[in-house]
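Please have the model open on your own screens while I talk.

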Amino acid sequence: MRFVSCLLCCLAFASAEAQVSAAHYDLSVTLEPDSRLLTVTGRVRFTGSGMAQLRLAPEFTLQRLALDGKPLAATRGALIGGLRVWSLALGNKPVTHALELHYRGALAPLGKADQREVLGDLPAMADLRGSYLPASYAWYPDLGAETLTYTLALDVPATQRAIAPGRLLKETTQHDRYRARFEFSRPTEGITLMAAPYQVREITYKNLRLRTYFHPEIAELANDYLNSISDYIELYSNWIGAYPYTGFSIVSSPLPTGYGMPTLTYLGIEVLRLPFIRHSSLGHEILHNWWGNGVYADWRHGNWSEGLTTFMADYTYKERQSADAARAQRLSWLRDFAAIPEGDDIPLRDFTSRHHSASQTIGYHKAAFLFFMLRDELGVDVFNHGLRQFWKKQQFRTAGWLELQRAFETASGKKLDIFFAQWLTQSGAPLNTITGCRLP
């Protein structure tokens, strides 16, 4: 899934007047899982103008705040919507600014997550068993820009390992501390951090660094998972285009739910123990590095990435298994769709993210059916050509259903307005009726 998601991050700069872009973060983060203390120091460079708002989760205390070298009063700020808020005057012209800040606070204890809960809805949590700081929570600086880049220096006790999405630049263990530095030079929607007493295994595949960060109790699974990563990257690189990042990691979680981000997936310990995960969910999360984390869904006009990923991952694996398995999968999705309560159905273009089983049936399964029918309409070769052209043109850009339609129209030479309109703008499904029959 993308992260594949809309992110409301910490220290958010947002107001109707503010215009902020080209945000780059250089942050140093120290995490003490036993006391749950988080300390962040760093600088954010961005282009902006107007009045911006600085927001910080209430558990954090600003100890230093400076804009363009001029110290600002690090008061507690106004409490608005559960966050501390400060106003920043950026001036009338869009110029480059530098924000320097230092803050600290105690994170929430590691809680329990229901299987159906999305990790992005959880607060920043810390524990010796595992720490999770989601990009959707107010733990790091955000300028309100749609995307950002960053370098992130992580510092945890030597018994722990920490990871964030991106390229690992350096890691050391000395003086009872583990330190790692990550860089994300492509536009992304937020920053997530994870730490735990991981055992790290690594292989190199075609100059890509593939890793597992597994808790000790599942460390024996590492080799099989590493081999599966390379298989999926090979599959989708040949199908779509070259893998867009420098590596991929599987990170285990003490929580029972999972999450996908650029360059990694965060899956529960018990989930990783399931023998079928390597042959299903893992490939889905790796594919999201193309769809959702490589081409960003235009949330204003719906989310195509989950449906396309479901079709090219979950359904494709059934097709590779057998025609009967693929047919059974389609029938299962149809039964689920038929069971949606009246009033819960929405047009496909209105789906943005999964909130319950009905939304998953529409945004994942009905959307996968759209691509299944489109492949039948265009033929396999033309359909695949459209996918490759879409990837080539849109990677690391925001694209919607319309851009997908245009890619398939260019590949096929056909107008597809009617096809996409009928499946995107209407709820429900065709009603088949028999108006007459004749026995032979």
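This is a predicted model: local features need pLDDT of at least 70, side-chain atom pairs count only at pLDDT 80 or more; totals for chains, interfaces and linings use all residues.

Residues are numbered from 1 along each chain as its sequence is written, and side-chain values use heavy atoms, with hydrogens and water left out.

Let me begin with the sheet, where helices (H or I, at least four residues) and strands (E, at least two) are DSSP runs numbered from the N terminus, and where two strands pair if DSSP finds at least two bridges between them. Five strands, in the order 17-18-19-21-20, form an open sheet with mixed pairing. Strand 17 (199–205) and strand 20 (259–261) each have a single partner strand, so they stand at the edges and one side of each is left without a neighbour in the sheet. On average, and ignoring direction, neighbouring strands here are turned by 15 degrees against each other, where axes are lines fitted to C-alpha atoms, for helices over the stretch in contact, and angles run from 0 to 180 degrees between N-to-C directions.

Now to strand 19 (residues 247–253), of which 7 of 7 residues are buried, meaning under 20% relative accessible area with a 1.4 Å probe and protein chains only. G247, S249, V251 and S253 are covered on one side, and F248, I250 and S252 on the other. Strand 18 (residues 208–214) runs parallel to strand 19 and is joined to it by 5 bridges; within this pairing, R209 has G247 as its bridge partner, and L210 stands opposite F248. Strand 21 (residues 264–268) also pairs with strand 19 in the parallel sense, over 5 bridges, with Y266 opposite V251.

Which helices pack at an angle of about 150 degrees? They are helix 8 (residues 401–412) and helix 9 (residues 417–424), whose axes are 10 Å apart. In their contact (heavy atoms within 4.5 Å), W401, Q405, R406, F408 and E409 of helix 8 meet D417, F420 and L424 of helix 9. These contact residues divide into 4 nonpolar, 1 polar and 3 charged, where Ala, Val, Leu, Ile, Met, Phe, Trp, Tyr, Cys and Pro count as nonpolar, Asp, Glu, Lys and Arg as charged, and the others, Gly among them, as polar.

Methods: Buried means under 20% relative accessible area, exposed over 50%, partly exposed in between (1.4 Å probe, protein chains only).
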